[in-house]
Amino acid sequence: MANDDGIASASPIWDALDAATRTRTAFTLGYLGTADVDGQPHVRAVIVRAVDAETGTVFFSTHSLSAKIGQLERNPLVAVTFYDAEADVQLRLEGRAEVVTDESTRRATWASFGAGTRQLFASPLRPGSPLPRADARADGGSSANASGDARDDAAGYARFAWVAVHVNDIDAIDLSADEHLRCRFTRVDGGWDTTRIVP
Ligand SMILES: Cc1cc2nc3c(=O)[nH]c(=O)nc-3n(C[C@H](O)[C@H](O)[C@H](O)COP(=O)(O)O)c2cc1C
């Protein structure tokens, strides 16, 4: 992990997740699992961009038309998994996802994004949809491309979704020593109940 306090209590875990939003660490990138309407799991990388350790919440940004948004709106139960290869520590967060609708939070988050991040929302095309064939378009391919127009800030903002994952369970495993350490943290009364479990 980013610090040496280990996984025996929840607080160093949240410190490490929080640190990962300010400097790139092994926990900056998590793997978000959602289930679709058929129960089929889908897992993909997302960058954890903000953490609220007090409420046990992690946040990521995504395109509002992406498949994951439809999935988590139907079934908000999600998981986010991280692995720090150097420390040999895996964190599995489970909880409930919520698309943040509060405009002041959305505005402030959008304002914190650099040009590269805003560019991700510049295209009007739905992520995951087939790219239109250039030779099939009347304009020969000069518009509606996957890059889009980053100058249209309002359109990019409308496509941006800010997602909170309210974590209620953490499963942490540390494989770095001969004796493996595995702990479960369950959210109870605004704190974390800790149980050592069999690795
Ligand atoms: C290193 C890396 C970081 C990524 N970060 C994000 C992210 O923060 N948000 C996001 O929506 N997609 C991110 N992606 C792309 C997703 O993994 C995924 O391909 C995309 O969001 C479409 O997922 P969906 O069709 O399941 O919604 C990232 C991909 C990689 C490889």
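With four residues, β4 is the largest contributor to the lining of the largest pocket. Here, helices (H or I, at least four residues) and strands (E, at least two) are DSSP runs numbered from the N terminus. The model is a predicted one, in which local features need pLDDT of at least 70 and side-chain atom pairs count only at pLDDT 80 or more, while totals for chains, interfaces and linings use all residues. Residues are numbered from 1 along each chain as its sequence is written, and side-chain values use heavy atoms, with hydrogens and water left out.

The lining of this pocket comprises 15 residues, and S61, T62, H63, L120 and F121 are the ones nearest its centre. Two elements, β2 and β4, each give two or more residues to the lining. A pocket is found on a 1 Å grid over the protein atoms alone, as an open set of points where a 1.4 Å probe fits, with protein on both sides within 12 Å along at least five of seven lines; lining residues have an atom within 4 Å of a point. The space in the largest pocket comes to about 330 Å³, a volume filled by probe spheres set on grid points that are joined across faces, edges and corners. By type, the lining holds eight nonpolar, five polar and two charged residues. In this grouping, Ala, Val, Leu, Ile, Met, Phe, Trp, Tyr, Cys and Pro are nonpolar, Asp, Glu, Lys and Arg are charged, and the others, Gly among them, are polar.

Now to the ligand. Around it stand L29, R44, A45, V46, I47, S61, T62, S66, A67 and K68, where a residue counts as near if one of its heavy atoms lies within 4 Å. This shell divides into five nonpolar, three polar and two charged residues.

Several polar contacts (pairs of N or O atoms within 3.5 Å) can be followed one by one. An N or O atom in the side chain of T62 is 2.5 Å from an oxygen atom of the ligand. For K68, a polar side-chain atom lies 2.6 Å from a ligand oxygen atom. S61 takes part through its backbone, with an N or O atom 2.9 Å from a nitrogen atom of the ligand. On its own the ligand has 620 Å² of accessible area, and the protein covers 58% of that, by the Shrake-Rupley method with a 1.4 Å probe.

Terms used: A polar contact is a pair of N or O atoms within 3.5 Å; within protein, one must be able to donate a hydrogen and the other to accept it, and residues adjacent in sequence count only if both atoms are side-chain atoms.
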